[in-house]
Amino acid sequence: MTSLTQELKCASVRKCVIMTAKKRTTRVKRDKKGRKGIQMTNLELQKTAVEVRKGIIEGTHAAKSGHPGGSLSATEVFTYLYFEEMNIDPKNPNKADRDRFVLSKGHTAPGLYSALANRGFFPVEDLKTLRHVGSHLQGHPCVAHTPGIDASSGSLGQGISVATGMALSGKLTNEPYRVYTLLGDGEIQEGQVWEAAMLAGFRKLDNLCVIVDNNNLQIDGPITEVNSPYPIADKFRAFNFHVVEVADGNDFEQLRAAFDEARATKGAPTAIVMKTTKGKGISFMENQVGWHGKAPNDEQYEQAMEELKKAGEALCQM
Ligand SMILES: Cc1ncc(C[n+]2csc(CCOP(=O)(O)OP(=O)(O)O)c2C)c(N)n1
């Protein structure tokens with residue numbers, strides 16, 4: 001491939017992703033495995049994840065604050081849920097039978113906002129207004145202001161309770177939707193998480209999928225040094241969950257298998273416990289606790305965006 005062809009191809013990656021999403025938005029029939037998304041290949045998902053990461057960096061840089069570390073570790077799961085797994089419609093964010101998502105680790109809103117914007121819920125340009133006065137994109141998700149947000153969150157531990165209530169409601173009213181919620185591994189130190197898990201297991205809420213982002217770092221250090229929640233999988237099993245352990249939650253193939261297994265599981269809620277890398281995709285942020293809640297300065301922004309541009313170009317070669 002000549003460099004010009006290569007350049008043109010890469011410049012159109014974003015356009016391609018958007019076109020693919022638009023073209024397939026109308027196709028919301030479940031595929032053979034029951035996935036309700038737009039049926040993308042792993043390569044398309046990887047390219048999309050690069051775009052989602054760009055939005056995280058754009059947003060936190062413009063805000064001069066926010067949480068890039070845990071947004072980047074969860075980028076693949078945000079991308080997979082909104083582009084492949086869930087029954088959602090960006091043109092009708094509140095449709096009654098939509099699958100629900102609750103970001104229990106609400107501080108990683110930049111990741112969720114970027115997935116929603118790239119999926120077409122609102123313009124990608126809005127990401128630069130993160131945390132600005134008057135913007136609909138505040139530091140933590142707010143159900144009243146942002147299209148696609150199903151629950152306000154940010155006080156750690158509470159989101160899983162909201163998700164459990166939604167799942168129980170779905171069972172009581174015989175609604176077909178599924179409920180997904182994403183928790184941090186530091187967050188699960190909160191006692192309320194286990195009250196919700198106890199109820200979900202007891203009520204056999206097989207329409208509920210709890211995802212734990214096991215990036216091993218919390219706000220001020222490794223989880224094993226602060227208050228270890230290990231063994232995480234065994235704890236959820238003790239609360240009558242079906243558990244899927246994912247060795248690499250930044251790998252789409254493994255996520256695909258995990259969500260297929262969760263959807264096929266009957267008679268128990270599923271917990272997907274996935275190992276990830278905090279700060280994934282930006283060399284100087286990876287596994288650095290200091291990037292939990294800090295924005296890149298101008299120089300760091302340039303470097304991060306350059307790395308993401310190169311990552312996108314490398315995917316174009318495939
Ligand atoms: C109840 C409550 N206590 C404290 C905080 C402040 N806080 C925000 S993020 C965070 C650490 C969360 O760590 P983890 O769940 O591992 O998140 P991740 O590494 O995935 O970003 C804390 C303590 C909060 N949001 N809510």
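Predicted model: local features only at pLDDT ≥ 70, side-chain atom pairs only at ≥ 80, totals over all residues.

Student: Good. How many helices and strands does the protein chain have?

Tutor: There are twelve helices and five strands in the protein chain.

Student: Let's do helix packing. At what angle do H7 and H8 pack?

Tutor: Helix H7 (residues 158–172) and helix H8 (residues 191–202) pack at about 20°, and their axes are 8 Å apart. The two are therefore roughly parallel to each other.

Student: Is that crossing left-handed or right-handed?

Tutor: The crossing of H7 and H8 is left-handed. On the H7 side, the contact is made by Gln158, Ile160, Ser161, Thr164 and Ala167, and H8 brings Gln192, Val193, Ala196, Leu199 and Ala200. By class, that contact has six nonpolar, four polar and no charged residues.

Student: Now H5 and H11. What angle do their axes cross at?

Tutor: Roughly 60°, with the axes of H5 (residues 75–85) and H11 (residues 252–264) coming within 11 Å. That angle makes H5 oblique to H11. The crossing is right-handed.

Student: Which residues meet there?

Tutor: From H5, Glu76, Val77, Tyr80 and Glu85 meet Phe252, Leu255 and Phe259 of H11. The contact of H5 with H11 divides into five nonpolar, no polar and two charged residues.

Student: Switching topic: which residues come nearest the ligand?

Tutor: Gly70, Gly184, Gly186, Glu187 and Gln218 come nearest, out of 20 residues around the ligand. The shell has three nonpolar, twelve polar and five charged residues.

Student: Last one, the backbone. Where is the cis peptide bond?

Tutor: The bond from Tyr230 to Pro231 is cis, with omega near -5°. Pro231 sits in the loop between helix H9 (223–226) and helix H10 (232–238).

Student: And what is phi of Arg131?

Tutor: Phi of Arg131 is near 65°, a positive value in a residue other than glycine. Arg131 lies in the loop between helix H6 (109–119) and H7. As background, most residues other than glycine have a negative phi, and most peptide bonds are trans.

Notes
Residues numbered from 1 in each chain as written. Axes fitted to C-alpha atoms, helices over the stretch in contact; angles between N-to-C directions. Helix = DSSP H or I, 4+ residues; strand = E, 2+ residues; numbered from the N terminus. Parallel < 35°, antiparallel > 145°, perpendicular 65-115°, else oblique. Left-handed = near helix turned anticlockwise from the far one by under 90°. Contact = placed C-beta atoms within 7 Å. Nonpolar A, V, L, I, M, F, W, Y, C, P; charged D, E, K, R; others polar. Near = placed C-beta within 6 Å.
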